[in-house]
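Hi,

Here is the model I promised to pass on. Have a look at it first, and my notes follow below.

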Amino acid sequence: RLLRHVRPWAGRVGAVDRHADALAWIAAHLPDVDTERTAGDPPVRRWPDASFDLILANSVFTHIPLRRQEAWLHELARLLRPGGVALVTVLGDQHRDLLLDGPARQALARDGVLEVGPEIDP
C-alpha cells in the first residue's frame with residue numbers, strides 16, 4: 001500500500017513479501033519496483049548489504065512470530081545503508097484495547113511482548 005506513495009520521490013524501490021498476490025499487485029501497478037518473495041525467514045537475497053536509504057515495515061512485525069523477529073531486525077540492519085532510516089511500526093494502543101481481553105492486556109503490560117494466534121507457515 002505504501003509503495004504507491006513512496007515511488008514518486010524514490011530513485012529505486014524494492015519490496016519483499018511472502019504473499020504472491022501482494023507481489024502480483026506490485027508487478028501490475030508498479031512494474032519498475034524490484035520485488036522478492038520470501039519464504040518467511042531472512043536473508044533477502046536480491047539485494048546486497050547497504051542497499052537502501054529507507055526501509056519501511058508498516059505493521060509487518062505485528063505478523064512475524066517473536067522467535068523470528070530478531071533475525072529480521074538484523075536483516076533490515078544489513079540492508080540499510082549507514083545513516084539510513086528504518087521505519088518499523090506495530091499495532092498500537094487502540095488495537096491493543098480493541099483486540100485483547102483483560103488478561104492478555106495484563107500479560108502484555110507485565111512481559112512487554114505478547115504473541116497472539118497461531119503462527120502462519122514459515
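**What I found**

From the N terminus on, the elements of the protein chain run α-β-α-β-β-α-β-α-α. That makes five helices and four strands. Please keep in mind that this is a predicted model.

To give you the overall picture, the C-alpha atoms fill a box of roughly 45 × 30 × 30 Å along the principal axes. Of the 122 residues, 27% are buried. The accessible surface comes to about 8,500 Å², and carbon and sulfur atoms account for 56% of that. If you take the contacts between residues at least 6 apart in sequence, 58% of them join residues at least 24 apart. As for charge, there are 15 positive and 17 negative side chains, with the centres of the two sets 3 Å apart.

Although Ala50 is not a glycine, its phi is positive, at about 55 degrees. For context, most residues other than glycine have a negative phi, and most peptide bonds are trans.

Ser59 also has a positive phi, near 60 degrees, without being a glycine. You will find Ser59 in the loop between strand 3 and helix 3 (66-79). Are these two residues buried or exposed? Ala50 counts as partly exposed because its relative accessible area is 30%, while Ser59 counts as buried because its value is 16%, under the 20% cut-off.

Next, the aromatic rings. A search of the whole structure turns up one aromatic pair. Trp47 and Phe52 form that pair in an edge-to-face arrangement, 5.3 Å from centre to centre and with 75 degrees between the planes. Both partners are buried: Trp47 has a relative accessible area of 6%, and Phe52 has one of 11%.

Finally, take a look at the two ends of helix 5 (residues 102-111). After helix 5 comes Gly112, whose phi is positive, near 85 degrees.

Happy browsing, and do write back with any thoughts.

Best wishes

Key:
Residues numbered from 1 in each chain as written. Predicted model: local features only at pLDDT ≥ 70, side-chain atom pairs only at ≥ 80, totals over all residues. Heavy atoms only, no water. Buried < 20%, exposed > 50% of the residue type's maximum accessible area, 1.4 Å probe, protein only. Contact = heavy atoms within 4.5 Å. Areas by Shrake-Rupley, 256 points an atom, 1.4 Å probe, with all protein chains shown as cover. Lys, Arg positive; Asp, Glu negative; His and termini not counted. Charge placed at Lys NZ, Arg CZ, Asp CG, Glu CD. Phe/Tyr/Trp six-rings, centres within 6.5 Å; stacked < 30°, edge-to-face > 60°.
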